[in-house]
Structure formats: C-alpha cells, structure tokens
Amino acid sequence: MMKILLINGSPKKKMSASGFLLTLQSLFVRGDIQRESLRTKGDHGRILKKLKDTGTVIFFLPLYVDGVPSHVLYFMKDMEGYCRVNQIHLKVYLISNAGFIEGKQNEALMQVFKNFCHACACEWCGGIGIGGGVMLNVLRILFFVFAGIFLLGIIISGVQRGDWLPVEAIEIFLRQIAIIVFLYSGVLFYMIRMAGAVNKGEFSGVKYTRVLVPSFLFIIIANIFFIIISLGKGGIFRGWLR
Amino acid sequence: MRVIIHDLENKYNKLLLQKCDRIIVVDGKYSACRGCFNCWTKHPAECFIKDSLHEVSKEIGRADELIIITENYYGMYSPPVKNILDRSIGISTPMSIYRGKEMHHTTRYGMRELLSVYAYGEMTDAERESFLFMIKRNALNLGYKHYSFTYLESIGGLGEI
C-alpha cells in the first residue's frame, strides 16, 4: 500500500501552527499515514528515503517572507533531484499558513509549489492557504484552558453541592467550543474537502481561507498579543519600534 | 545607501562593489530562521543566532535601495538568498496595520525606495510570472515604494545594474 507522507516544514520544535494543522489533517486522511518533521538539512536523507514507497505527499508550511522558508527550499531542490533519479512521480498537496489574516497572502507560495511540481515531474494536486496562523495556536490553547476550567468547575460543584453534572457549566463550555469551531470552520471545511481529494487521489483545487475573525479585530488582537509578548521578553524596552 | 545581496561567485564582488555601498555575502554558512520572533519581541532588529546575519535586518533596513541577484528556484530566490530575507524580518515591527486593503507589518525604518531583483538561470514562463508576483508581494510587505524585476540571460548582463 502506498504511503501518504505528511511533512511539517516548520522550524519550530513545538507550538507550530503547521504541526497543529498536520495533526488535524491526519484525522481526515485515510491510509498508511507517515509523519515527518523537516527542520534541518539533517532531515533530508531520512525523508527522501521514505519517498520511494510513498504515493502522496502533503506539505504543511509556514509562510516566510511571502514564500517558502529557506530550509524547505533546500529540501525541495534535493527532492527534485531524488524524484528525477528514482523516477518517482508523487501527488503533492500543500497546506500553508500565514501570520496575516488574509489566506490569499499565501498565493505566491502556492505558485512556487506548482512550479516545483512541474520541475520534478510530480503532480500538483492543489493547496490551502490559511490566514491567521498565530491565532490557530491561540485557539487551541484556549480550547484546553476552557476544558480545564470546565473540569475544575465540575469538581468544585461536585464536592461542594454533590452536583457532578452542573448544567450551567456544561452550557458555558459547549458555547465556548461552538465559538472555537465556528472560528475554525473555514479551515476545517477546506481541510476536510482536501482530505476527500487526497483519499480519491484527485486535484483539490487551490483555496484560501482564514480564521473567521474580521480583519480589523484580528489586527487589534495581533497587536495586543505582540505587545504582551514583547513586554514579557523585554523587547518593548529595547527600541521596539525603532 | 545601496545594498546588494547576490549568490554569484566571489569574483563578481569587485564589479558589484562599484555599484553599491555594501554587499551582503551569500555563502550559506549561516543558520535558517527558527521562527522565534525574538527579532521583534526580545532584541528588536537583531537575530538571536550569533552568525554573520546577526544584524542583517539593520543593514537591509537602513538601505534605500536593495538589489538582489539570485539564481531562479521555481520562481523565487535561491535558498541562501531566501535565508537572508527570512532572517531579516526585523526590518518590520511586530505591529500590524491595514495597507493596500491587506494586513501588513509596519516598517521599522520607514518606507524605502527600491527593491530590484535580477534573476538568472533557467526559467519557465510560469516561473517568471511567479517571480514577478513574489517581488510585488515582497515590496508591499517589506516596505518598498517601487520594485523591478529583470531576467538576466547571462551573467554578462550584470553591467546593466
């Protein structure tokens, strides 16, 4: 059975939006799924070897300066050579995420991947460009925060009043989850759609989506987020905007 | 100030130095960006990786004109050149605004004049279109008022820069 290789191209060891999207997509794709992390040149040989018995590759990448991160670009060149020498013709999909709210800002990266597939005689099967990558992370943290508060509420309610199924707490938790799912709904829709295409080996199209927050609100949230982080790390006192 | 980034052999440095104030050496002997954002949030415009690109944001940010000479890779820069651009996001600040009906980061050094890209090597029509589009996006996101793209049929065309 041909494998489906999911490659996380984020250089981050933890808390990467690309890694999260990979985990999410592996829930929807059927088959012999293999996961790989591409962070340095040391990863190339190991991943390239896996391409021999792989039929489909899905890349999960962060958008860096409107394009492919440089460490992934090095890999793409090696992959082109490997595919040519070994006569490997893979189906290639891409899920990229940008820090900007507009998914469309991933367009240049999509074009580069299409060109790459052409160069290495692989089949470009489409991609999803996602906007609001950082917020994807924030939302998944919020999910666990809400779940923690919910469990704590149940324990307190159970111990104090003997009520281990507090309706009010359940309602609040479900409402919070519904909001998170709504904010993710565009991303989830296109990822499930792509998974369907992957399962059938079809072209999925190139789609752009985002976290469903109005742009002006997203910019305010993003700015507050970076102010808080910069306060914590001290950058705000070291010529932050100069 | 005029800065050149190029991935040509070192023998071209002498010629190119006559056309700019500074050359950023593309030797690939530096790390890739790790996506930590410390150049925004901890030590503004400085990378925490202490190699030759440690302060590359300042060098690029303070130049009115940035010239990039690069081999074509699928309609974008070569990996060592892209590495420099990835490591230079400190030319922007972490704060975002709406510009051109899109979200963009504010520029730490103000709007600069010109981003010129000269690409060489084999290039399909699709790659040429992609490259031009990429540079347009870069100019918008990195804060350049103007941009230009030239395909070099041969390195001999460097004299036109």
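Which residues does B:Asn13 touch, not counting residues up to four places away in sequence? B:His6 and B:Ile23. Touching here is contact, meaning heavy atoms within 4.5 Å.

Before I go on, the ground rules. This is a predicted model, where local features need pLDDT of at least 70, side-chain atom pairs count only at pLDDT 80 or more, and totals for chains, interfaces and linings use all residues. Residues are numbered from 1 along each chain as its sequence is written, chains are lettered from A and ligands numbered from 1 in the order in which they are written, and side-chain values use heavy atoms, with hydrogens and water left out.

Back to B:Asn13. The residue lies in helix α1 of chain B, residues 13–17. Helices (H or I, at least four residues) and strands (E, at least two) are DSSP runs, numbered from the N terminus. The side chains of B:Asn13 and B:His6 are joined by a polar contact of 2.6 Å. A polar contact is a pair of N or O atoms within 3.5 Å; within protein, one must be able to donate a hydrogen and the other to accept it, and residues adjacent in sequence count only if both atoms are side-chain atoms.

Now chain A. It has 7 helices and 6 strands. From the N terminus on, the order is β-α-β-α-β-α-β-α-β-α-α-β-α. The C-alpha trace of chain A spans about 70 × 50 × 30 Å along its principal axes.

Domain 1 covers 3–134 + 184–218, and domain 2 covers 137–175. Those bounds come from an automatic or database domain assignment. The C-alpha centres of the two domains lie 35 Å apart. In contact are 8 residues of domain 1 and 5 residues of domain 2.

How much area is buried between domain 1 of chain A and domain 2 of chain A? About 620 Å², with carbon and sulfur atoms giving 58%. Buried area is the accessible area (1.4 Å probe) that two parts lose on being put together, summed over both. On the domain 1 side, A:Met15, A:Val134 and A:Tyr184 supply 65% of the area buried against domain 2, more than any other three residues. A salt bridge is a side-chain nitrogen of Lys or Arg within 4 Å of a carboxyl oxygen of Asp or Glu. There are 4 residue pairs in polar contact, both at pLDDT 80 or more.

Next, the chain interface. Here 48 residues of chain B are in contact with 45 residues of chain A. The buried area is about 3,900 Å², and carbon and sulfur atoms give 63% of that. In chain B, the residues losing the most area to chain A are B:Thr41, B:Tyr74 and B:Met103, together 21% of what that side buries. Between the chains the count is 0 salt bridges. Polar contact gives 19 residue pairs, both at pLDDT 80 or more. Elements giving two or more residues to the chain B side include α2 (38–41), α4 (79–86) and α5 (125–142) of chain B. The most comes from α5(B), with 10 residues.

Last item, the aromatics. The count is 15 aromatic pairs over all chains. Rings of Phe, Tyr and Trp (its six-membered ring) pair if their centres lie within 6.5 Å; planes under 30 degrees apart count as stacked, over 60 as edge-to-face and the rest as tilted. A:Phe116 and B:Tyr74 form an edge-to-face pair, 5.3 Å centre to centre, with 80° between the planes. This pair crosses between chains, from helix α4 (residues 107–119) of chain A to the loop between β3 (65–71) and α4 of chain B.
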